[in-house]
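Colleague: I am new to this structure. Could you show it to me and take my questions one at a time?

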Amino acid sequence: MGARETALNALIACRKSGAWSNGVLKELTRRDRLDSRDAALATRLCYGVLQNRNRLDFYLRQLLTGKLKDLHPVVRDILHLGLYQIYELDKIPDSAAVNESVALAKKYCKNPKAASLVNGVLRSAVRTRGQLKEPVSYADRYSHPDELISLLKQNLPKGKLESVLIADNTAPQTVVQVNTLRISTAKLVERLAAEQVQAQPHGWMQDCLILSGTGSIENLPSFREGCFYVQDPASRLSVLCAGLPKEDIRVLDCCAAPGGKSFAAAIAMEGRGSITSCDIHGHKTELIAGGAARLGLTNITPRQQDATVPVPQWENAMDAVLADVPCSGLGIIRKKPDIRYKDLAQTEQLPQLQLQILKTQASYVKPGGILMYSTCTLLRRENEDVVNAFLAQHPDFHPEPLPLPEVFPQNESGMLTLIPGEYDTDGFFICRLRRNV
């Protein structure tokens, strides 16, 4: 089974069962025993189709003799894969894109005419490349639903909408954080070079590397030996802004899985103190435990715990609480391209949950302690509005300026929204609150 068939199966799973592309791709590439090259191609094809679905449909309407809505869904998936290869991937010969797509149609479509249709449409796409009309609307050009575009426009600074839509369709870099308790950044760069991986220092995040040529990261000896972990700079920044001291303090990470913020906190604390790392799902706490063990971070204790349910023995006990709450995820569309197609109505109740979590976690903060609130979304209703609603009910907390790297403007409000395309990070919201003494 090849990369294109794996990508097709992933697209079918996303469409039929609402599966998340990143999760289903991991499962299918492992099931299909793809090598690192084919796994990378399957991922690029699946993500590429999801990132360009409306645009590909715009071209299909011009290439089909019939109506787009009359296409069988699997035929449409196969045509999307073929068109994406023809229009977007220079290194794949047109003949391979056409022939492999026809082979998929023969295997996956019961209608004997499907293969002929796929062959004709894709050959026409090759023949007319550069001659078709180009999409004008943002919805067709950048493959974001109109409702999402409208919502983003309401929440982004003026003039930022198109750059965010463009950023959502870029392939994210592989960014990792160095486990400086185990190896120096310079030594890790040398090790990675010996493993045939290129590593470049991040522009503004210390002990952070941008990798290329990794293949499967999990197979690298330096990864297995706990020299680094994968984490976006925005997520790492939310922990650094807590200003955790290298002392024996108590930290609570209330929505921790898969554990990146807990790992960042443990490294910042140089392995001292204690971090209670919670998630509502037991299998996710196992992920945290596995990651901490690999990295050798012995001051992390995973625990299955609902962040909305009070734990009396934690009241007024924590020096710092990290609350990276469940959110709509509209800041990480470049990593999870299918988020753009999810039902936005299902996100409207999130602020109530987020406020409930924040209120519960606030009770654990010692007088004088820090409460960090963060999300990976760009919506004010889940970000500033939640914080302001919390502060209106909790006068014993106040925002504090964020201690940011020099590349950022000076922060006084205690709140920061990172916008995709600006600092090459995920879209992210960070807020630092201090409990009055």
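Colleague: How many salt bridges does the count come to?

Modeller: This is a predicted model, where local features need pLDDT of at least 70, side-chain atom pairs count only at pLDDT 80 or more, and totals for chains, interfaces and linings use all residues. Residues are numbered from 1 along each chain as its sequence is written, and side-chain values use heavy atoms, with hydrogens and water left out. A salt bridge is a side-chain nitrogen of Lys or Arg within 4 Å of a carboxyl oxygen of Asp or Glu. By this rule the count is 22 salt bridges.

Colleague: Which residue forms a salt bridge with Asp 77?

Modeller: The closest N and O atoms of the pair are 2.7 Å apart. Asp 77 lies in helix 5 (residues 73-88) and its partner in helix 1 (residues 3-17), so the pair ties together parts 62 residues apart in sequence. Helices here are DSSP runs of H or I with at least four residues, strands are runs of E with at least two, and both are numbered from the N terminus. The partner is Arg 15.

Colleague: Is Asp 77 buried or exposed?

Modeller: Buried means under 20% relative accessible area, exposed over 50%, partly exposed in between (1.4 Å probe, protein chains only). Arg 15 is partly exposed, at 36%. Asp 77 has 8% relative accessibility, so Asp 77 counts as buried.

Colleague: Where does Glu 134, the partner of Arg 55, lie?

Modeller: Arg 55 and Glu 134 form a salt bridge, with their closest N and O atoms 3.1 Å apart. Arg 55 counts as buried at 18%, whereas Glu 134 is partly exposed at 44%. The two are 79 residues apart, with Arg 55 in helix 4 (residues 53-63) and Glu 134 in the loop between helix 7 (114-127) and helix 8 (138-142).

Colleague: Which residue meets Arg 191 in a salt bridge?

Modeller: The N to O distance is 2.7 Å. Arg 191 lies in helix 11 and its partner in the loop between helix 12 (221-224) and strand 4, so the pair ties together parts 34 residues apart in sequence. Arg 191 is partly exposed at 26%.

Colleague: Which residue in strand 4 stands opposite Val 176?

Modeller: Strand 1 (residues 174-178) pairs with strand 4 in the antiparallel sense, over three bridges. Opposite Val 176 stands Val 230.

Colleague: What is the volume of the largest cavity?

Modeller: On a 1 Å grid over the protein atoms alone, a cavity is a set of points where a 1.4 Å probe fits but cannot get out; lining residues have an atom within 4 Å of a point. Grid points are joined across faces, edges and corners, and a volume is the space filled by probe spheres set on the points. The whole structure has two cavities of 30 Å³ or more. The largest holds about 50 Å³.

Colleague: Which elements each supply at least two residues of the lining of the largest cavity?

Modeller: The lining includes Ser 238, Leu 322 and Tyr 373. The elements that each give at least two residues are helix 13 (233-240), strand 8 (318-324) and strand 9 (365-375).

Technical notes
Two strands pair if DSSP finds at least two bridges between them. On a 1 Å grid over the protein atoms alone, a cavity is a set of points where a 1.4 Å probe fits but cannot get out, and a pocket is an open set with protein on both sides within 12 Å along at least five of seven lines; lining residues have an atom within 4 Å of a point.
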